[in-house]
Amino acid sequence: MTAYQILEQRFARLAALEGAAGILGWDAQTLMPDGAAEARGDQLAILRGLAHGMLTAPEAAEELAAAEQGGELEPWAAANLREMRRAQAHATAVPRDLVEASSRAVSRSEMVWREARRDADFARLEPHLAEVLRLQREIGQAKGAALGLDPYDALLDGYDPGMRRATIDPLFADLTGWLPDLIARAREIQASRPAPLPLAGPFDVAVQRDLGLRLMEAVGFDFTRGRLDISLHPFCGGATDDVRITTRYDAADFGRALMGVLHETGHALYEQGRPAAWRNQPVGAARGMSLHESQSLIVEMQACRSRDFFTFLAPLLQSAFGRSGPEWSPENLHALNIRVAPGFIRVDADEATYPAHILLRYRLETAMIAGDLAVRDLPGAFDDGLRDLLGLTVPDDRVGCLQDIHWPSGAFGYFPTYTLGALAAAQLFRAARSAEPALPDRLAQGDFGPLRDWLRTNVHAVGSLLDTDALLTRATGTPLGTEAFRAHLEARYLGGSGA
């Protein structure tokens, strides 16, 4: 057996450990009783410690060195070896005790966050978040020293391989330059038109769930390899061939859960469509979170908020809720779902104002990692930033800095990938429409086949064979940029067609 084949076995075992941790993490956010939190934290810490040990063992370094000197590999195997080396470099930079300490701190912080968010009590979370931040700064410094990166870039690289602030900052600066004017113009156009008719609830949660399941099936979710559940914060997780997505329901507003389900289904399609022959190897993984977010946003924002899709959706909603009238027409439902209205909650934001939420979080988390913003000052800094960017005065921390689980979970470096994903989604959807001219008509029939097949070929099945810019360039003709996103927003919100 060659050194490379031995490495494949090592990484297959590692994938199994990561899958077990993924299912335990899903359970912690959906079904686990609160009293099990401490034990679950220990279980996850041990699993992550074992996984870390498999990457940092001296034998792993020896196997990598031997494989790299063992002769030419075919392209997928060569890319797999490259990704193995990247994973090992990240792992060996961080001591095992720091990995386990961070895991335990995150488990505690996540449980406290649920209570603190419910009660709008930042003081309750503050010491736990401060500990998570302290450990993340240590991890960032350790990885940065080993990889030749600054601490924030080192953390960012764990979520989006190869992405750097030097790439993000010009893109975000460009957005900052034209987005406020676009939002203002979109709102002026909205104000000049009759307001869409509101939908009167309540909307039975069981009906909402059934609708979500039906739309998941239409988009292409494989229920033999996944499921839908409820959590405080919607997410896509689980393990290889066992993809778990969640949403949250509101009897007064079915749209939040429905669009949340479609968003997470986009993530799930990426996971279920990864190259089967390499699913337990690094090269078979999703490339990074910017591309992952692009897949959720292609489904939710590009496809399922299009005028075409509401031609299909309106009759389903009328039948499911037993409603009729002009407010349930495709035109009115579409208008309701493309309203531009600054709001407090990131996950409920429209696609035009959403980047402002990310710009704020990016500024805050880079400052926290740099040591320029203390946790105790986070609520005030968050409130000031939201007022500056969207003109909103935050009434309490529940709808302010406590609304997201990311920082309590230690996910520093994750937030920018949401807007990077929106940019990529616009590029990819435009390319898909160019390649499949009938795509809008098919969406109007509820047929996602052409879009799904194009994404499976150009994104999902590519895994991590290519880096992000190479994948985007091959699929769309250009590396990541803002032009397609701007064109999409202008067509939908300023062009009169509603797109």
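Biologist: What should I know before we start?

Modeller: This is a predicted model, so local features need pLDDT of at least 70 and side-chain atom pairs count only at pLDDT 80 or more, while totals for chains, interfaces and linings use all residues. Residues are numbered from 1 along each chain as its sequence is written, and side-chain values use heavy atoms, with hydrogens and water left out.

Biologist: Cysteines, then: how many disulfides are there?

Modeller: The count is 0 disulfides, where a disulfide is a pair of cysteine sulfur atoms within 2.5 Å. For C304, the nearest cysteine sulfur belongs to C236 and is 16 Å away.

Biologist: Is C304 buried or exposed?

Modeller: C304 is buried, because its relative accessibility is 0%. Buried here means under 20% relative accessible area, exposed means over 50%, and partly exposed lies in between, using a 1.4 Å probe and protein chains only.

Biologist: Which residues does F448 touch?

Modeller: Setting aside neighbours within four places in sequence, F448 is in contact with A218, V219, A303, C304, F309 and L443. Contact means heavy atoms within 4.5 Å. F448 and V219 are 229 residues apart in sequence, yet their C-alpha atoms are 5.4 Å apart.

Biologist: Where does F448 sit?

Modeller: F448 is in the loop between α17 and α18, and with a relative accessible area of 2% it is buried. On the labels, helices (H or I, at least four residues) and strands (E, at least two) are DSSP runs, numbered from the N terminus.

Biologist: Which residues of α18 are buried?

Modeller: In α18, which covers residues 449-458, the buried ones are G449, P450, L451, W454 and L455.

Biologist: And what do the buried residues of α18 pack against?

Modeller: They pack against α11 (289-303), α16 (416-435), α17 (439-444) and α19 (468-476).

Biologist: Staying with α11, what does the side chain of H292 do?

Modeller: H292 is in α11, and its side chain makes a polar contact of 3.0 Å with the side chain of H267. A polar contact is a pair of N or O atoms within 3.5 Å; within protein, one must be able to donate a hydrogen and the other to accept it, and residues adjacent in sequence count only if both atoms are side-chain atoms. H292 is buried, at 7% relative accessible area. Beyond four places in sequence, H292 is in contact with H267, Y270, E271 and A286.

Biologist: What about the side chain of H334?

Modeller: The H334 side chain reaches the backbone nitrogen of R307 at 3.4 Å. H334 belongs to helix α13, residues 330-337, and is buried with a relative accessible area of 2%.

Biologist: New topic: where is W278?

Modeller: W278 is in the loop between α10 (254-272) and α11, and it is buried at 15% relative accessible area. Not counting residues up to four places away in sequence, W278 touches Y4, E8, E74, W76, A77, N80, V283 and G284. W278 and P326 are 48 residues apart along the chain, with 50 Å between their C-alpha atoms.

Biologist: How many cavities of 30 Å³ or more does a search find?

Modeller: A search of the whole structure finds 3 cavities of 30 Å³ or more. A cavity is a set of points, on a 1 Å grid over the protein atoms alone, where a 1.4 Å probe fits but cannot get out; lining residues have an atom within 4 Å of a point.

Biologist: Which residues line the largest cavity?

Modeller: R361, F382, G400, C401, Q403, D404, W407 and P408 line the largest cavity. C401 is buried, at 8% relative accessibility.

Biologist: Last one: which residues other than glycine have a positive phi?

Modeller: Among them, A120 has a positive phi of about 50°, and phi of D241 is near 65°. A120 lies in the loop between α5 (96-119) and α6 (122-147) and is partly exposed at 28% relative accessible area. D241 lies in the loop between β2 (236-239) and β3 (242-247), and is partly exposed at 39% relative accessibility.

Biologist: And what kind of peptide bond joins G201 and P202?

Modeller: A cis peptide bond joins G201 and P202, with omega about 0°. P202 is in the loop between α8 (165-191) and α9 (205-219).

How values were computed. 1 Å grid on protein atoms, 1.4 Å probe; cavity = no way out; pocket = protein on both sides within 12 Å on 5 of 7 lines; lining within 4 Å. Points joined across faces, edges and corners; volume = space filled by probe spheres on them.
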